[in-house]
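Welcome! Below you will find a structure to explore, followed by a short tour of a few of its features.

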There are 4 protein chains.
Amino acid sequence: MIYKEAREKINSDSVTNIKVIEKPPKLDNPVLVVGLPGVGNIGRVAVGYLISELKAKKFAELYSKWFFPFVVLHDKSTISLLKNELHYFKGKSGQRDLIFLVGDCQSLSPQGHYEVIEEVLDFIGKYGVKEIVTVGGLATGDLEPGKKVVGAVSSEKLMKKYAGQGIDFNAGDKVGYIVGAAGLMLGLGKERGMDGLCLLGQTSGFPIVTDPKAAESALDILVKIFRLKIDMSKLEKKVDEMEKFIKKVEGLQMKAVSELAKASKAPSSGEQLRYIG
Amino acid sequence: MIYKEAREKINSDSVTNIKVIEKPPKLDNPVLVVGLPGVGNIGRVAVGYLISELKAKKFAELYSKWFFPFVVLHDKSTISLLKNELHYFKGKSGQRDLIFLVGDCQSLSPQGHYEVIEEVLDFIGKYGVKEIVTVGGLATGDLEPGKKVVGAVSSEKLMKKYAGQGIDFNAGDKVGYIVGAAGLMLGLGKERGMDGLCLLGQTSGFPIVTDPKAAESALDILVKIFRLKIDMSKLEKKVDEMEKFIKKVEGLQMKAVSELAKASKAPSSGEQLRYIG
Amino acid sequence: MIYKEAREKINSDSVTNIKVIEKPPKLDNPVLVVGLPGVGNIGRVAVGYLISELKAKKFAELYSKWFFPFVVLHDKSTISLLKNELHYFKGKSGQRDLIFLVGDCQSLSPQGHYEVIEEVLDFIGKYGVKEIVTVGGLATGDLEPGKKVVGAVSSEKLMKKYAGQGIDFNAGDKVGYIVGAAGLMLGLGKERGMDGLCLLGQTSGFPIVTDPKAAESALDILVKIFRLKIDMSKLEKKVDEMEKFIKKVEGLQMKAVSELAKASKAPSSGEQLRYIG
Amino acid sequence: MIYKEAREKINSDSVTNIKVIEKPPKLDNPVLVVGLPGVGNIGRVAVGYLISELKAKKFAELYSKWFFPFVVLHDKSTISLLKNELHYFKGKSGQRDLIFLVGDCQSLSPQGHYEVIEEVLDFIGKYGVKEIVTVGGLATGDLEPGKKVVGAVSSEKLMKKYAGQGIDFNAGDKVGYIVGAAGLMLGLGKERGMDGLCLLGQTSGFPIVTDPKAAESALDILVKIFRLKIDMSKLEKKVDEMEKFIKKVEGLQMKAVSELAKASKAPSSGEQLRYIG
């Protein structure tokens with residue numbers, strides 16, 4: 001029976017699979033808050049810290065064949081598949097219910113981005129999500145990038161709703177497009193009638209490392225707009241902890257590409273005849 | 001109900017989706033006129049200007065998982081999925097009915113090109129299209145590329161039909177193949193019995209910027225063959241407006257590739273052991 | 001009705017499609033002879049010349065979404081989809097019936113190679129093919145590569161059958177693998193019980209141009225093993241004619257890659273902020 | 001009938017296919033031991049040598065469209081598809097039954113890795129496998145990499161089970177992730193309730209050649225944990241034999257990439273007009 005059950009957990013015929021770990025309580029008009037790895041890892045850090053401070057509970061895991069064909073070592077010798085995770089937070093008086101999406105990676109291919117995000121939207125639609133907030137980074141190329149959090153929306157009513165909370169809504173003057181899940185989640189969500197806000201913390205963008213200051217700025221906005229109460233004092237320590245793991249996964253993406261590049265320069269060693277039919 | 005409706009708009013199981021915005025009036029033997037981004041953005045500019053001057057009406061939008069996994073900011077803070085658009089123009093006396101296809105981008109992968117174009121052909125077939133005109137650019141590599149518009153056809157009868165209108169039908173001497181939608185739309189259309197004409201405005205091809213002069217030459221031909229009356233005086237102003245947005249999307253394609261290239265050169269930072277199983 | 005018929009010709013839901021142009025006569029235990037573009041275009045030239053000299057008749061065309069998203073201009077202004085073609089030759093006394101596969105290109109992606117070849121094998125299986133001969137090039141890297149034709153087989157009995165006809169069956173000492181259709185057609189055919197022979201004409205392999213001398217050597221072997229009678233005197237002239245077209249398609253593959261490479265080096269022009277979510 | 005049978009062997013509609021050659025005897029709680037090509041070819045060599053010394057019997061072959069579109073010449077003129085193979089070993093008194101997975105290659109694309117491995121897990125699940133041991137290499141970048149075998153597990157109980165046998169279970173301090181089948185087989189197996197151990201032999205990682213010393217270290221561990229009795233004296237000779245073939249397949253991967261790279265630098269030769277629609 002173990003195999004049959006196991007097969008139901010992750011179906012080899014499906015490309016992306018969301019595995020429910022425990023049924024969450026009834027959520028009231030929850031907001032999906034997304035923080036995946038990206039430039040400066042701002043979303044990953046800010047949302048990860050919120051999850052930890054709010055003691056949000058993991059209720060589902062997402063696996064996908066669109067992710068890197070790698071496993072990670074979270075501790076000294078235990079292996080895990082790359083995954084994204086969904087956590088819920090049941091708001092207290094005056095606070096909204098939240099669903100958090102965090103994870104090890106984004107998709108590897110363009111089509112994969114669309115497909116994984118559609119799976120997430122299918123899934124969170126069942127919990128009644130009608131609003132999405134994504135958190136990402138805005139690489140300015142400056143050594144001192146400032147601390148602004150730039151906002152973009154998929155429907156104008158969110159711009160009004162979140163006005164006066166310190167978000168700079170002039171994103172269009174600075175950026176032409178938003179790459180990956182932070183943007184696509186909102187674009188595809190809009191087609192399902194979900195309103196979307198994208199928060200971009202300014203970061204220098206090089207070297208490609210986690211930027212805790214930018215993550216803090218984004219976190220400040222999240223705390224404000226969702227009226228949360230969290231202790232910010234542990235952020236730096238938490239970033240140090242996260243950093244160790246994030247570096248692994250970060251390096252992973254570069255390695256994948258660099259292995260390929262290296263192979264392409266390697267001498268052809270040994271064979272004297274080169275052949276193409 | 002909102003989700004069910006939304007789901008019908010864009011079906012997550014389909015890879016390319018055409019969403020009808022409003023039912024167009026009965027069209028009489030319409031011609032599909034295609035202007036998508038490409039070298040010099042000649043098609044995009046020429047057809048975009050026609051749409052605006054003829055006050056053609058948008059009646060459908062096309063979304064695809066074969067496009068870049070990006071969203072664009074059309075104005076200062078509102079996000080949109082990359083898309084193609086279909087507009088119709090009901091001809092006045094002596095003018096033919098036209099359907100225009102314009103958009104933010106072409107497909108990212110080879111297979112995507114075939115699939116998106118097949119979807120378009122399926123769709124416009126329902127409106128009785130039996131003739132297709134695509135507009136593109138011919139990069140000559142010369143700083144002064146001349147102003148000729150070179151033509152190629154998928155069936156010889158169009159060469160006769162459009163003779164004597166200033167199109168240079170000696171394309172075969174200059175080019176061996178036509179890349180992307182401008183060519184493939186005609187090749188695949190021919191298999192469905194649709195006749196095709198491809199108009200290529202000569203442009204230097206570098207730097208990779210919009211070439212309004214070449215777009216004007218192509219526009220002159222379109223105006224002539226379809227007996228249109230438009231005011232050409234606003235073209236330059238229109239190009240400036242378009243340019244701002246086109247640059248964003250243009251940059252987007254380069255960035256995608258350049259991010260990858262950059263990553264492949266990044267030092268492996270931090271880890272001392274490199275590992276491949 | 002035209003659309004319905006056209007739709008049957010090429011089905012947009014299928015990825016590879018073989019369109020029968022005319023029903024061939026009953027063929028008696030025919031051999032499939034494959035000559036597709038590759039190093040030195042040896043197979044393409046040798047098999048193309050056989051078709052022309054034997055006046056073999058085209059009976060089917062193969063289109064695939066796995067091919068480049070390009071169209072070619074075969075003459076001065078008429079556009080065609082990239083395709084492969086099947087021709088048959090009804091042998092005279094003592095000659096075997098032959099089916100020839102030639103074309104503009106091979107697949108672009110690894111998976112595409114497998115899928116297009118499986119489609120060909122499905123198709124020619126219906127005509128009773130139990131033996132396949134592929135013709136390709138062996139790039140030696142020498143400026144004077146010699147004129148040997150190296151042979152490899154998928155079942156040993158063909159080695160005996162074709163012994164003593166001038167084929168050098170020591171391929172394994174010189175090459176480790178055979179890339180693309182020339183090899184894969186035999187490997188996948190073997191799984192269906194079809195015997196296979198691969199003939200590789202030695203060529204220098206650089207510059208990447210058609211090598212008529214190597215094609216002639218391969219042609220000599222084909223003529224010998226199938227007891228054909230053809231006039232070899234027009235080969236050079238034929239190669240010149242073919243060359244013009246082959247160059248177009250050859251260039252095409254390089255351009256596709258080089259455009260990408262170029263884009264990756266282009267300056268990011270115009271935007272001051274770079275962004276990745 | 002030959003075709004029908006042949007078609008059942010490898011189904012053109014399936015992407016990965018496992019062909020059973022002979023039904024193995026009833027296996028008692030067998031362990032899957034995986035050794036595929038990778039850095040230093042440590043797994044390939046160690047598991048290949050075990051198969052040969054234990055006279056394990058091949059009972060199945062795996063073919064996939066996710067592999068390179070190449071065929072290999074195992075001997076001087078016979079062609080074979082790239083494949084993986086499954087062998088079984090029926091343990092003697094006190095020894096466990098083993099299933100070995102070895103082969104010519106891993107998948108080419110990320111998605112292919114997931115899909116091929118899922119097929120293997122589906123298949124070996126039917127034989128009652130509940131434990132998997134993969135063997136790979138750990139490239140240290142040092143010229144003298146030491147002879148440690150580093151271990152990682154997918155469930156902690158295996159760490160206890162295999163303690164005190166010379167495996168260094170501090171992998172997490174040295175590596176962040178495991179690329180390809182050696183890791184993914186365990187990550188995906190865990191989702192089906194299979195316990196996994198990954199053994200990584202330390203190797204310098206450059207030049208990219210087979211490292212028989214590291215393979216020997218890994219082999220020592222395998223012999224110890226499975227209480228096997230084999231003659232190690234022929235390893236060096238066996239490696240020399242294998243080397244010749246492995247080099248072919250190794251070169252193959254580099255060639256594939258390098259051909260592409262070369263093409264991208266080739267001059268555009270002959271055509272004066274470059275064209276993109």
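Two strands pair if DSSP finds at least two bridges between them, and strands (E, at least two residues) as well as helices (H or I, at least four residues) are DSSP runs, numbered from the N terminus. This is a predicted model, in which local features need pLDDT of at least 70 and side-chain atom pairs count only at pLDDT 80 or more, while totals for chains, interfaces and linings use all residues. Residues are numbered from 1 along each chain as its sequence is written, chains are lettered from A and ligands numbered from 1 in the order in which they are written, and side-chain values use heavy atoms, leaving out hydrogens and water.

Let us start with a sheet. Its three strands form an open sheet in the order β11(C)-β4(D)-β5(D), with antiparallel pairing. At the edges are β11 (177–179) of chain C and β5 (79–81) of chain D, each pairing on one side only. Between β11(C) and β4 (residues 70–73) of chain D there are three bridges, and D:F70 is the bridge partner of C:V179.

Now to the aromatic rings. Rings of Phe, Tyr and Trp (its six-membered ring) pair if their centres lie within 6.5 Å; planes under 30 degrees apart count as stacked, over 60 as edge-to-face and the rest as tilted. Over all chains, the structure holds 24 aromatic pairs, including these:

| Pair | Centre to centre | Between planes | Kind |
|---|---|---|---|
| A:Y177 and B:F70 | 5.8 Å | 15° | stacked |
| B:F59 and B:Y88 | 5.8 Å | 65° | edge-to-face |

A:Y177 lies in β11 of chain A and B:F70 in β4 of chain B, so their pair joins two chains. B:F59 in β3 and B:Y88 in β6 of chain B are 29 residues apart.
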